[in-house]
Amino acid sequence: MTSTPSRKPALAILGKRNLELGPFARDTQQEPGPWAHWRMRTDEDGIVWLLFDKKDTSANTLSEQVLAELNDVLGKLERDVPRGVVIRSVKPSGFIAGADITQFRGVTDSAELEMLLSRGHAVLDRLDRLPTVTVAVIHGYCLGGGLELALACDYRIAVDDASFGFPEVLLGLHPGLGGTVRLPRLINPVAAMTMMLTGRTERTRRARRLRLVDAVMQERHVRAAVRAAVDGDLRRGKQDFVGALLNLRPTRRLLARRMVSEAAKRAPRAHYPAPYALIDLWVEHGGDADAMQQAEIASFAKLLVGDTAQNLVRVFFLRENLKKLAGGDWPGRRVHIVGAGTMGGDIAAWCAWQGLVVTLADTNRNAIGGAIKRAAELYGKIGRDDRRRVRDALDRLIPDLRGDGATNADLVIEAVPENLDLKRKIFAAVEPRMKSGAILATNTSSIPLEALRENLARPQRFVGIHFFNPVSRLQLVEVVSHDRAAPDVLADACAFLGCIDRLPAPVKSAPGFLVNRALTPYLLEALVMLDAGVKKEAIDKAARDFGMPMGPIELADEVGLDVCLHVADTLRGSLHRDMPEAPQWLRDKVAKGELGKKTGKGLYDWEDGRAVKSHEDVAPPADATDRLILPMLDACVTCLREGVVADEAVLDGAMIFATGFAPFRGGPLHYARKRGIAEVRGALERLAAQYGPRFTPDPGWDGLS
Ligand code: NAD
């Protein structure tokens, strides 16, 4: 494969960026100091530059040791008070990316945690009280604990591209180092609560509008701005009258009611307690900083030892694990896609958005036109404030009716309809035109790769790269191997996915691979229940109550009943298990063109992109959740036993990032382990006795106990 210029210009620039580090710029990194993570120098104006450079990492995070050292530094500054203190990161990636999440793993003792948190609070309070002007100069990421540290400074100066946020809620937590106290006092409390409740990241300009930062500037003006801040010539953001009013107890109570109902729309308290805990904190203690601080510590500790946060921390590491599988940089730059339908068009759009040059081929001119129109709509949504990026991505997405792009491509992805002969015909035409080092991939959902690779000249350079629909939303992509695939080609396919910001899950070619194999019994069981007269809304509710983002009936409509039927038939044909057959009425529906969301009618009627539900309040039967979820778990166990997927971490990650499997449960296998392997197997046996052998537990359960 030819080596090409980096496809990540933004990162390349960041790597070379010249940070304004005051007097420290010329110091060597190696110069030993009293601290492992902090370095301190005084400039000619008598301003101390405190530089954060966490040892042996590319991004700064806050850990117990980092804060202990900061405490030591502050002691020194208290003894010998300078004119001003600047806190700045020397890492090109940004200021501080948050707390070191490895510290959150497996925490069970909330009392010990409260002590630890109190020590962290004491350090930031000490920074807050330092009898001199303190300035945080922020570039890149300033998240979580990093933002809390910045909030403890008198001024925040942002360099152009900074981003600010409290992502704790995504881990089932809320800020825990004083963020809940300081943010609503600094900016409009409703905006503060929204930031903390949604975990949304704010870019520099909006952070300035919110008065989260006092100034925004280019790197070269940083030193002048620091001097102005120290001399009192820079205006400080302060809470205004409206903000103060909103922070009063009666207003807080009123606003909280709305916040709770908004939070409930996103997730119930029983599954995700953090947003509710945060709202409670604010309502109860928003007017009293000391009480709020104590309550924040207790609430954070309680959340962190709870199942939801621990499982979401697990999910964080499952994602990291999948990211690692992507390995290093992908050396390619050009992708050629054959088939501009639902999948090919969307894969092309996503690749171009991520910086690759994409040629898009189809025998149908209108399909290419439609794909480009959809791409423009997608870019309009995801790239709102970045018109240049939208324009560049559209420039990189090249219609290619004659399919000439295959000649120069580093990767060719086939996404034509699910038909073995058609796909083979495409390969026969495309493979001879490809560069010898390029990869040929298929997006097939169900055709065995062994059948597809049969007539290829270079089967070792052929893999499955199985995206899910919608490509821009579902992060997981299965990388499917087969008996002749070369390991370096599989690794390259994973690296390609890393390069387009997707998570690869390596799987073996087997019916349905992993994700569809596990989803199919779940969807089929829903149809069996529907056949037996259970209301579709009740079936969906049973799954949602468990924590699935949508129920199986709605999901089948989303995916398309034709696609579901095809996958179910293929799986049933190739798996020698007692799988229920898709009902005749489903076949009739598909034959009539009632395919689900895409045709406006399927199992539900669809209006404005939403399923019309008329029986929302019908309670599901008591065993409905187990009937849906346990067959999915059982299929996961089969995949593990058959080696379709290497281990439980990849399996759990894949199911969460491809299907949205209740993240707060930590993944299907983790859920089974937590509930008890013997208990789950027993429940399956009971269901098998009642409903039939399709529930008979896989022998793989024995290996898990
Ligand atoms: P689609 O019918 O929406 O699109 C297929 C496109 O291929 C059409 O635009 C068609 O004109 C084009 N085409 C047909 N013959 C061609 C040829 N000889 N040369 C070039 N183009 C040709 O299909 P889809 O839903 O995008 O599915 C494509 C593949 O992706 C299938 O293998 C399917 O199993 C798989 N897949 C689909 C989904 C899904 O949800 N739709 C999800 C994952 C994988």
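Reply: The account below begins with the ligand and then turns to the backbone and to the helix contacts.

This is a predicted model, in which local features need pLDDT of at least 70, side-chain atom pairs count only at pLDDT 80 or more, and totals for chains, interfaces and linings use all residues. Residues are numbered from 1 along each chain as its sequence is written, and side-chain values use heavy atoms, with hydrogens and water left out.

The ligand is surrounded by 23 residues, a residue being counted if one of its heavy atoms lies within 4 Å of the molecule. The closest are Met343, Asp362, Glu418, Lys423 and Ser445. By class, the shell comprises ten nonpolar, ten polar and three charged residues; here Ala, Val, Leu, Ile, Met, Phe, Trp, Tyr, Cys and Pro count as nonpolar, Asp, Glu, Lys and Arg as charged, and the others, Gly among them, as polar.

Polar contacts are pairs of N or O atoms within 3.5 Å; within protein, one must be able to donate a hydrogen and the other to accept it, and residues adjacent in sequence count only if both atoms are side-chain atoms. A polar backbone atom of Gly341 is 3.5 Å from an oxygen atom of the ligand, and a polar backbone atom of Val416 is 3.4 Å from a ligand oxygen atom. Asn469 instead uses a polar side-chain atom, 3.5 Å from an oxygen atom of the ligand. The ligand taken alone exposes 830 Å², of which the protein buries 79% (Shrake-Rupley method, 1.4 Å probe; for residues, only the protein chains shown count as cover). The elements giving two or more residues to the shell are α14 (342–353) and α17 (420–430), and α17 gives the most, with three. Helices (H or I, at least four residues) and strands (E, at least two) are DSSP runs, numbered from the N terminus.

Asn469 is also joined to Pro470 by a cis peptide bond, with omega about 0 degrees. Pro470 lies in the loop between β16 (462–466) and β17 (476–481). Most peptide bonds are trans.

Elsewhere, the axes of helix α26 (residues 648–659) and α27 come within 7 Å and cross at roughly 110 degrees. Axes are lines fitted to C-alpha atoms, for helices over the stretch in contact, and angles run from 0 to 180 degrees between N-to-C directions. The two helices α26 and α27 are therefore roughly perpendicular (65 to 115 degrees; under 35 is roughly parallel, over 145 roughly antiparallel and the rest oblique). In this contact (heavy atoms within 4.5 Å), Glu648, Leu651, Asp652 and Met655 of α26 meet Pro668, Leu669, His670 and Arg673 of α27. These residues divide into four nonpolar, one polar and three charged.
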